[in-house]
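User: I have a model to go through with you. Let's take the core and the strands.

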Amino acid sequence: MGKFFGFLFVIVLGAFTYLVLRPLPLIHFEDTDRVVGKVEKITQQNKDVVVKLEDNNEVFTIKDGFKNGISMNKIKHLEGEVATIYFLKKDFKFWDPLDPSSTIKHVAKLKTLKGVAYNEIVK
């Protein structure tokens, strides 16, 4: 009986590890929802860009934004502007076991009236 539970533990641990470490699949427009709001603050957390909208308690992050070529000088000027953020829907394809309730929203596209500041949506 002990071997069974040991085997089951290894399977569950392996599945959890796979879900945590898997790369994001390609993001299509139909995989996203959107929110429009005034950008209150843009900050850096490790390699991620964090966008906070006024009157919105959700956290929007551009994963590995600085690693992928976004500079703070390029994106900091968006503070105070109205922006449209396209973020990933709550879907198993994008579900993260480290954030099971999906409180952190992954930004797929960030757009203002001046143009697109960030985009990882494929056509």
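User: Which residues have the most contacts inside the largest nonpolar core?

Analyst: This is a predicted model, where local features need pLDDT of at least 70, side-chain atom pairs count only at pLDDT 80 or more, and totals for chains, interfaces and linings use all residues. Residues are numbered from 1 along each chain as its sequence is written, and side-chain values use heavy atoms, with hydrogens and water left out. A nonpolar core is a set of buried Ala, Val, Leu, Ile, Met, Phe, Trp, Tyr and Cys residues joined through side-chain atoms within 4.5 Å. The largest one has 17 residues, and those with the most contacts inside it are Val51, Phe60, Ile75, Ile85 and Leu110.

User: Is Thr32 buried or exposed?

Analyst: Buried means under 20% relative accessible area, exposed over 50%, partly exposed in between (1.4 Å probe, protein chains only). Thr32 has a relative accessible area of 8%. Therefore Thr32 is buried.

User: Why is S3 largely enclosed by the rest of the structure?

Analyst: Strands (E, at least two residues) are DSSP runs, numbered from the N terminus. S3 spans 48-53. S3 is largely enclosed because five of its six residues are buried.

User: Which residue in S4 is the bridge partner of Val51?

Analyst: Two strands pair if DSSP finds at least two bridges between them. Three bridges join S3 to S4, which run antiparallel. They form a hairpin with five residues between them. In S4, the partner of Val51 is Phe60.

Note on methods
Helices (H or I, at least four residues) and strands (E, at least two) are DSSP runs, numbered from the N terminus.
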